[in-house]
Amino acid sequence: MSTTESHNETDAVIDPNAISMTINGKVVAARKGEWIIAAADRTEDFIPRFCYHPRMESVGMCRQCLVEVEGPHGPMMVVSCMTPVAEGQVVRTDTDIVKRIQEGMIELLLANHPLDCPVCDKGGECPLQDQAFSHGPGESRYVEEKRHYEKPIPISGLVLLDRERCILCDQCTRFADEVAGDPLITFTHRGNNTQVMTFPDEPFASYFSGNTVQICPVGALTAEPYRFKARPWDLQQQESTCTTCSVGCRTVVQSSYDEILRYQGVDSDPVNWGWLCDRGRFNFQSTNSPNRLATPLVKTDAGLVPESWTVALDETVRVLRHARPGSIAILGGARGTNEDAWAWAQLADLLGIEMRDAQLDDGLPAEIFGYPNATIDDACSAATVILLAPDLKEELPVLYLRLRGAAEKKKIRIIEIATHDSGLTRYAWKSVMHEPGQQAEAVQHVLSTPEMQEQLSRGAVVVVAGRSNLAEAAHNTMAAVDAIVTTVAQVSVLPVLRRGNVRGALSLGLAPRMSTDAAAILEASANGKVDCLILLGADPLSDVPDADLARRGIAGARYIIAIDTFLNKSSVHADIVLPAAAYGEKDGTTTNLEGRVTNVVQSITPHATSRPDWMIAIELAALLGNDLGILTLQDIQTRITETVVGFDGLSVSVAVRKNGVLISTPPISPLQVHQDEIIKRNAYEFRLVVARKLYDQAVATAMSQSLAALAPGAGVFVHPLDLERVGAKDGSSVRVSNNAVSVILPAHASTAVMRGTAFVPFNQQGVDIRELLQTTNGVTDVQIANI
Amino acid sequence: MSRLTDAHVALAKEIIGRYPRPKSALVLLLHLAQEQDGYITRDAMVHIAELVGVTSAEVYGTATFYEMFKFEPVGKYVVNICGTMSCALMGSEELMHHAEQRLGIKAGGTTPDGMFTLEHAECQAACTEAPCLQVNYRYRYRLTPADLDALIDDLLANRLTHEIPPHGTVAKVRQHIPSHHGVGVVAPESVTEPPVWLNGKAAL
């Protein structure tokens, strides 16, 4: 059990960076390099500000934070967001002159700012409004006409800009450039008409655009999904954790009238620093979707028909009772809470279910947790980070932000081992590009080049390991990780499996037993060995890379029981569908990719008759004659902390509601790594790379109307020279085929793709590339022909 | 409309080579684009962004700071009539009025034949020669309405092409500094000591 605090505050060693200063006569302890405003924020004395953000570089743009500092020639006014603290410094924030200057600044800012607060979304939570009251003059001397611009213009599908309200604090533009690395909005027409703008007719297409709305200190930037939905004082809010991906960003869930209306990022120091990606921020729309499952469905001759819970559960029990011993399988569980996973694992134990897997053959084996574990902070402070992972910008966006920031500030050096350019390629110290299946050679190159060896010996090394290519077997990556871990000193692994609570589910009993993973389970099902397949929020027909295997597995199962929030491609084939409560509709805890347990909260009542997964499991157990003695969520949490190794720290419940508690993972016996003989290229000249984009057909994205349109759609990306060789033009259709199947996709030229390889985004609207994937092969080779 | 021509791309690369960071060449490349098309086209900004490795939004942000970069087509000749103090006293209002009459456009407009754009200008620092104007930033001094008519006639008859190139051309003589003639660019972050002229050891 370890906690997140890395510094021991009680250390008696005198800190050479410690500084003592006074603010309004009170002695304040500060650290060298800190700004005055940051030191003041630890006291009761609030300094007004608009452009200052503790996670971004100061720019001194708004001049609102002027304070008085005693200097050699008497007191002088300084911007406290750009003046460093100093030993013996005397700062005053409450004198008459400070007050007059701050009032003057507010008056200036309001010279052009419209007083449309009653119709402004920001009204009620607006720093300008609040500080105009607390630090403003009350009245303005300006009688002139205010500046006018066209009222809100959309700068992307998600964000609207009202330039009249903008006070030019540079927060959004700085965020786009400095934090997100997407400087697609900038100040234009500098001078009298300075305004924030995109390039003409080019949207602010950043995965992080929602953060600019959150940090905007006025109502200039508003988010389309929240506009005119509520007033801040009508919102109920609770701190929670986003479970869209496994980064586990801390959020505030805001709801009104039993409907989730907005998520805001919360600054969690070890995790997300206040940022969220747009997918996580806006996919609450899916919770409110009218397509949610309302009642249990039971298959009859007329298809799936609504039934009562009593009937559906009785039917489920009948199916479970009549299954042959050892013929029940559970797939999924990574989208729920820890408590959900534990309860289902208990039910699985009860029924003697050996076939279980929380992943869908699209991750890495759970043995990845057996290596020494790294946290996000470890990765961002290591000397070297080795990426053996999918494009983090696409899959785990906020982890991308953290690593990008660390690399930009030259705190870490990134060695990327990848098959195509990723979001982090331009920030990598070295990018070692390799063909799919050739990780071993790439790793050998990294381990044997003198320059790299020297770098690897400079200090801590963190391997960021995940499934980078779904057209390639997972054990290639595992072998590569193993080769690094067994060779390099001071090494640890940050596993980047993707689904929200995949680590929790795997750690709490839904990990495969004896290597019977999802692929093996589906194979068994295809061979008629599965009487009952339980899909716990899983959709094999959409997510398992090998489409043919998924289809045969679903077809071969005698009965399918699906527990889900929506009807999906797989659950339409189910015999019984039980509606599950979604995120925001249930309390619990979740485990992020580091093994950090944080809480998720219930903000609204579950949709219609839906119930949390854990409740369904406990009820089924009772109906099967095995009362687990669980009545409440707390009962489960107590049982987890008492019985599950590594989760004993959960009882530190306060921490779980803040920065979380890290679970300890017992070392797992080393994996038997093996690597396939890499097949020689034959006539199939393109080696396939299949990976996810941020926006795909995942249910929470597809069911959020603001996000659904952002998915790029199916296509095949090849190097421009290869495209020329094929004889196709950018945008024209090509035939992609292996020896058995062929699909037709639009082709795109991209220099991010290596020659001789083809990149296809996964799970997109349009033709399904998974038809060409076979997990039995180490790699997938295809032919591309112009048509 | 148009991206930079191949010849201009070659020149752009030469210019970029003079700086430690490609984006330092941004404004010079904008001049190149304006020279090519008479104004800065959207495609040219996209192209320049690719050449110097920034986003097109950043190119746009820099370009829009400068009054003299145009983002809409302007006439072959941009006529700026000064309207500040000295010129105003010496009859620039009358001059502007005459120009508007003669060209049939208001200040800020462009003639339908695409020959002239008329603009108000602030002080052009030729107060002793008031009233003055600039055609494509080339001076004309102490103008009467009749002088203006003569100037417009000359421009229309292509009698001044040797002196006044079409809008966008900064200079007729093009400076070529191939990289082997350059002073050698050193990125600021790799500079470890003050320059020679600052270290006190330079021969003065």
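How far apart do the C-alpha centres of domain 1 of chain A and domain 2 of chain A lie? The two centres are 53 Å apart. The structure is a predicted model, in which local features need pLDDT of at least 70, side-chain atom pairs count only at pLDDT 80 or more, and totals for chains, interfaces and linings use all residues. Residues are numbered from 1 along each chain as its sequence is written, while chains are lettered from A and ligands numbered from 1 in the order in which they are written.

**View 1. Domains of chains A and B.** Chain A is divided into domain 1 (18–94), domain 2 (297–363 + 501–660), domain 3 (366–495) and domain 4 (686–786). Chain B comprises domain 1 (6–71) and domain 2 (77–156), with 29 Å between their C-alpha centres. The bounds come from an automatic or database domain assignment.

**View 2. The contact between chains A and B.** On the side of chain A, 13 residues are in contact with nine residues of chain B (contact: C-beta atoms, placed from the backbone, within 7 Å). Strand β8 (residues 185–188) of chain A supplies the largest share of that side, four residues. By class, the side of chain A that touches chain B has six nonpolar, five polar and two charged residues. Here Ala, Val, Leu, Ile, Met, Phe, Trp, Tyr, Cys and Pro count as nonpolar, Asp, Glu, Lys and Arg as charged, and the others, Gly among them, as polar.

View 3. Strands are DSSP runs of E with at least two residues, helices are runs of H or I with at least four, and both are numbered from the N terminus. β8(A) pairs with strand β9 (residues 195–198) of chain A in the antiparallel sense over four bridges; pairing requires that DSSP find at least two bridges between the strands. A:Phe187 has A:Val196 in β9(A) as its bridge partner. Six residues lie between the strands of this hairpin, in which A:His189 takes a positive phi near 50°.

**View 4. The parallel sheet of chain A.** An open sheet of five strands has the order β20-β19-β18-β21-β22 (chain A), with parallel pairing. β20 (430–433) and β22 (491–495) of chain A are at the edges with a single partner strand each, so one side of each is left without a neighbour in the sheet. From one strand to the next, the twist averages 20°. Strand β19 (residues 413–418) of chain A pairs with β20(A) over four bridges, and A:Ile415 has A:Lys430 in β20(A) as its bridge partner. Helix α13 (residues 439–448) of chain A lies across β18 (384–388), β19 and β20 of chain A, at about 155° to β19(A). Helix α15 (residues 474–487) of chain A touches β18, β21 (461–465) and β22 of chain A, its direction making about 175° with that of β21(A). Axes are lines fitted to C-alpha atoms, for helices over the stretch in contact, and angles run from 0 to 180 degrees between N-to-C directions.

**View 5. Nonpolar cores.** A nonpolar core is a set of buried Ala, Val, Leu, Ile, Met, Phe, Trp, Tyr and Cys residues joined through C-beta atoms within 7 Å. A residue is buried if 20 or more other C-beta atoms lie within 10 Å of its own, exposed if 12 or fewer, and partly exposed in between. The largest core has 230 residues, and those with the most contacts inside it are A:Val463, A:Val464, B:Leu29 and B:Ile48. Not counting residues up to four places away in sequence, B:Ile48 touches B:Leu26, B:Leu29, B:Leu30, B:Ala33 and B:Val59.

Terms used
Contact = placed C-beta atoms within 7 Å.
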